[in-house]
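Here are my notes from a read through the model you sent over.

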Amino acid sequence: MRKLLLILCIFTLMSCTKEVKISQLVFNKSLTVAYYDEEPFSGKAWSEDNKTVCMTFEEGKVTLIKVFHANGKVAVEGTEFQGVGKTYDEQGNSIGLHEFVKAYPAIVNEVQHMATNVLYDESLK
């Protein structure tokens, strides 16, 4: 009986959690604050495929951005929407930005495409 109750609780919690996509967020013009349902967003938002990009926000501000290789390892990790933090190869080894851009142009293009398609609202603070 306890197992059944635990399973029901887990299922209920999972069904109440709303998965937010980056494309559903609206940013202010300077891209420093993200809003969801007209409120500053806190939590994680994923790219449409649920595996390429994950952004973590607190009160609308980006606290962490991770871009992933196809094998699930981190490719890029940083805290700014524009700019780069740390870059990694498919094995998880740290590599320079120039080397990363040459080795992984598909990831670079995907991130640039996503960044240029971000919605922003000039009326937001």
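1. Start with Thr87, whose side chain reaches the backbone oxygen of Ile95 at 2.5 Å. Keep in mind that this is a predicted model, so that distance is a computed one. Thr87 itself is found in strand β9, residues 86–88.

2. Is Thr87 buried or exposed? Buried: the cut-off is under 20% relative accessible area, and Thr87 counts as buried because its relative accessibility is 4%. Leaving aside residues up to four places away in sequence, Thr87 touches Ala75, Val76, Asn93, Ser94, Ile95, Gly96, Leu97 and Phe100.

3. Phe100 and Tyr104 form a tilted pair, with 5.1 Å centre to centre and 45 degrees between the planes. Phe100 is buried, and Tyr104 is buried too.

4. How many aromatic pairs does the structure hold? Five. Another of them is Phe41 with Phe57, an edge-to-face pair at 5.5 Å centre to centre, with 70 degrees between the planes. This pair links distant parts of the chain: Phe41 sits in the loop between β4 (39–40) and β5 (43–46), while Phe57 is in strand β6 (residues 53–58), 16 residues apart. Both Phe41 and Phe57 are buried. They also belong to one aromatic cluster, together with Phe27 and Tyr36.

5. Now the second largest pocket, which has about 240 Å³ of space. Its lining is made up of 14 residues, and those nearest the pocket centre are Ile22, Ser23, Glu48, Met114 and Asn117. Which element gives the largest share of that lining? Helix α3 (residues 105–116), with three residues. By class, the lining has six nonpolar residues, four polar and four charged.

6. Last, the overall layout. The protein has three helices and 11 strands, and along the sequence they follow the pattern α-β-β-β-β-β-β-β-β-β-β-α-α-β. Of the 125 residues in the protein, 32% are buried. Among contacts with a separation of 6 or more, 34% come from residues 24 or more positions apart.

Conventions:
Residues numbered from 1 in each chain as written. Predicted model: local features only at pLDDT ≥ 70, side-chain atom pairs only at ≥ 80, totals over all residues. Heavy atoms only, no water. Phe/Tyr/Trp six-rings, centres within 6.5 Å; stacked < 30°, edge-to-face > 60°. Helix = DSSP H or I, 4+ residues; strand = E, 2+ residues; numbered from the N terminus. Buried < 20%, exposed > 50% of the residue type's maximum accessible area, 1.4 Å probe, protein only. 1 Å grid on protein atoms, 1.4 Å probe; cavity = no way out; pocket = protein on both sides within 12 Å on 5 of 7 lines; lining within 4 Å. Points joined across faces, edges and corners; volume = space filled by probe spheres on them. Nonpolar A, V, L, I, M, F, W, Y, C, P; charged D, E, K, R; others polar. Polar contact = N/O pair within 3.5 Å; in protein donor to acceptor, adjacent residues only side chain to side chain. Contact = heavy atoms within 4.5 Å.
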